[in-house]
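Hi,

Here is the structure I promised to send over. Have a look at it first, and then read on for what turned up.

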Amino acid sequence: MGTKANGAVEAGAGENAAQELFIGGRTRPASGDRRFPVHDPATGEVLAHVADATGDDVAAAVSAAHAARESWSHTPAWQRYEVLRDGADALRRDVSAMAELISAETGKPVREALGEAHNTVRFFEWFSHETLRLPGEAWPEITPTRDAIVVAEPVGVVAAITPWNFPAFMVACKVGAALAAGCTVVLKPAEQTPLTALFIARALHAAGLPDGVLNVVPTSDPASAGQVFLHDARVDCISFTGSRAIGELLMREAAASIKRVLLELGGNSPVVVLDDADIAATASRLVQARYLNAGQACVAANRVYVVESVAEALLAELGMAVRALNVGDPRRDDTNLGPLIDLAAVERIETQIDRAVAQGAELTTGGGRLKENAVSAFVRPAVLTAQGGQEPAVFSEEIFGPVLAVVTCRDEAEAISLANDTEYGLAAYVFTGDADRGLRIARALRAGSVAVNGALTSEPQLPFGGMKASGLGRERGRAGVEEFLELKTIQLAK
Ligand code: NAD
């Protein structure tokens, strides 16, 4: 197996790569030299046998982060900015290698992976600048005999748990913000995609990030790592992105020690399409909003509520656009959808389609598996349709794959009411030719992010997060840094 000069795995280069834990600024094997395989979902090939952290290894990473905490939090802001900016620059120089690794681990088209890699750099860069703008207040003479100041202090050691669908970008959102705030981090990446996380940590460290400030502990046993994060008093905050079930488990167990928990969970994003929308443009933007990353995105458009006067036209345009998508080898430039992350994900999607059809939905486009490179994790993008009031129960679930549910509604009021009828509140979309109407409906939809007449893009300035069961707290933007700060009020008697 090949490794590059910077230690990155050569994507697709074969077996036997030793990829080690990253603790205290050093690479090291896991206790007992335990390892687990990481696969390329497009070929089934083993990319590497990665060190498999035990609970003791995770505790060692917490020790390293705890030891580095005092010095990093007191590093002058300007110096922290320079270190993080240099880290972003180093990642920029290696952006193509990062993209190859992302594509190899996730199966997403290289073109999309390059977009994610560039975004990762952009977010690290933004967070480096935020180091220079941490908040504070001064209240001179708050009483006749007292001045007061409010200082923002880093919360301390952050345990960051990231999912596989955006293995670099999710790291940037958490790690960039936490480091800017002056926290130190133990990062536990998803077991499907540890190589990208290790790549980022090594690059930041080589660019000057001090030992122990960022530690990475891949493991095939996330529950044990989670237990260390929950029960080690030196961990001050758990920042988690992933499924609702695991988020709920972490929140429940963190209650015992009142540990700060930030949660970015699932979504079931609705789309409202009104009679005055440009239907051809709506269809093409919906394709972006649903089928990017083969539909494996938390903000992906899940359910479309279209008013009946334009439903037929929308379905015709959508059918054409979806059938034109190329499914196949992620390394080809003209590929739109690679494989799903694994066969279990394919089976989940197939079951959801079957249940929807059994519950009265119609499969109007796509569905079914395609075989590439002897791997059957490729799914034909699909469209399911149903009438408002007769929606299959499966439409109220998150569909984490390339399937769009389209429901025909009587009018705007019914569309908004059905759109909000969900336990989730991560993202929502509205399509209309009337800007005022778009804004009014955006305000009426209960979601942390709403796009009017487009797909959502990820911008570092914009806070992101869920309402209702989609999460707690915000990532990105200033708010994303503030989640890793604690305010301290100091009163100074004169
Ligand atoms: P998952 O919850 O199974 O895994 C996410 C992470 O949690 C992984 O790193 C995993 O190893 C870890 N984990 C699993 N069990 C754990 C435990 N007991 N203790 C501690 N950590 C544990 O989620 P998934 O299926 O891999 O990812 C898909 C889900 O993530 C979807 O629901 C999707 O919507 C959500 N997601 C949300 C966002 C967002 O920003 N809101 C972004 C991406 C994905």
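This is a predicted model: local features need pLDDT of at least 70, side-chain atom pairs count only at pLDDT 80 or more; totals for chains, interfaces and linings use all residues.

Leu-439 sits in helix α13, which covers residues 435-444. With a relative accessibility of 55%, over the 50% cut-off, Leu-439 counts as exposed.

Now the domains. The assignment for the protein chain gives domain 1 as 18-266 + 469-493 and domain 2 as 269-421 + 427-459. Taken over C-alpha atoms, the centres of domain 1 and domain 2 are 31 Å apart. How many residues are in contact across the two domains? On the domain 1 side there are 27, and they meet 26 residues of domain 2.

Where does the ligand lie relative to domain 1 and domain 2? Both domains give residues to the shell around the ligand, so the ligand lies between them. There are 26 residues around the ligand, and those that come nearest are Thr-162, Glu-191, Ser-243, Leu-265 and Glu-398. Sorted by type, the shell has 15 nonpolar residues, seven polar ones and four charged ones. As for secondary structure, α7 (222-231) and β11 (237-241) each supply at least two residues of that shell. The largest share is that of α7, with three residues.

Some distances to ligand oxygen atoms, in case you want to check them in your viewer:

- Ser-243: an N or O atom of its side chain is 2.6 Å from an oxygen atom of the ligand.
- Trp-164: a polar side-chain atom is 2.8 Å from a ligand oxygen.
- Gly-242: here a polar backbone atom is involved, at 3.3 Å from an oxygen atom of the ligand.

On its own the ligand has 850 Å² of accessible area, and the protein covers 88% of that.

Thr-120 belongs to helix α4, residues 110-130. Is Thr-120 buried or exposed? Its relative accessibility is 0%, so Thr-120 counts as buried. Leaving out residues up to four places away in sequence, Thr-120 touches Met-98, Ala-168, Phe-169, Ala-172 and Ile-200. One of these, Phe-169, has its backbone nitrogen 3.4 Å from a polar atom of the Thr-120 side chain.

Arg-85 is in helix α2, which runs over residues 77-93. Arg-85 has a relative accessible area of 27%, so it is partly exposed. Its side chain and that of Asp-86 are joined by a polar contact of 3.1 Å. Gly-176 is 91 residues away from Arg-85 along the chain, and the C-alpha atoms of the pair are separated by 10 Å.

Glu-483 is found in the loop between α14 (477-482) and β25 (485-493). Which residues is Glu-483 in contact with, leaving aside its neighbours within four places in sequence? They are Arg-260, Leu-262, Gly-473 and Arg-474. In the case of Arg-474, the backbone nitrogen lies 2.8 Å from a polar atom of the Glu-483 side chain. Glu-483 and Cys-237 are 246 residues apart along the chain, with 9.6 Å between their C-alpha atoms.

Last, a couple of backbone angles for your notes. Asn-453 is not a glycine, yet its phi is positive, at about 60°. Asn-453 is placed in the loop between β22 (449-452) and β23 (467-468). With a relative accessible area of 29%, Asn-453 is partly exposed. Arg-476, also a residue other than glycine, has a positive phi near 70°. Arg-476 lies in the loop that connects β24 (471-472) and α14. Its relative accessible area is 7%, which is under the 20% cut-off, so Arg-476 is buried.

Cheers

Key. Residues are numbered from 1 along each chain as its sequence is written. Side-chain values use heavy atoms; hydrogens and water are left out. A residue is near a molecule or strand if one of its heavy atoms lies within 4 Å of it. A polar contact is a pair of N or O atoms within 3.5 Å; within protein, one must be able to donate a hydrogen and the other to accept it, and residues adjacent in sequence count only if both atoms are side-chain atoms. Accessible areas come from the Shrake-Rupley method with a 1.4 Å probe; for residues, only the protein chains shown count as cover. Helices (H or I, at least four residues) and strands (E, at least two) are DSSP runs, numbered from the N terminus. Ala, Val, Leu, Ile, Met, Phe, Trp, Tyr, Cys and Pro count as nonpolar, Asp, Glu, Lys and Arg as charged, and the others, Gly among them, as polar. Domain bounds come from an automatic or database domain assignment. Buried means under 20% relative accessible area, exposed over 50%, partly exposed in between (1.4 Å probe, protein chains only). Contact means heavy atoms within 4.5 Å.
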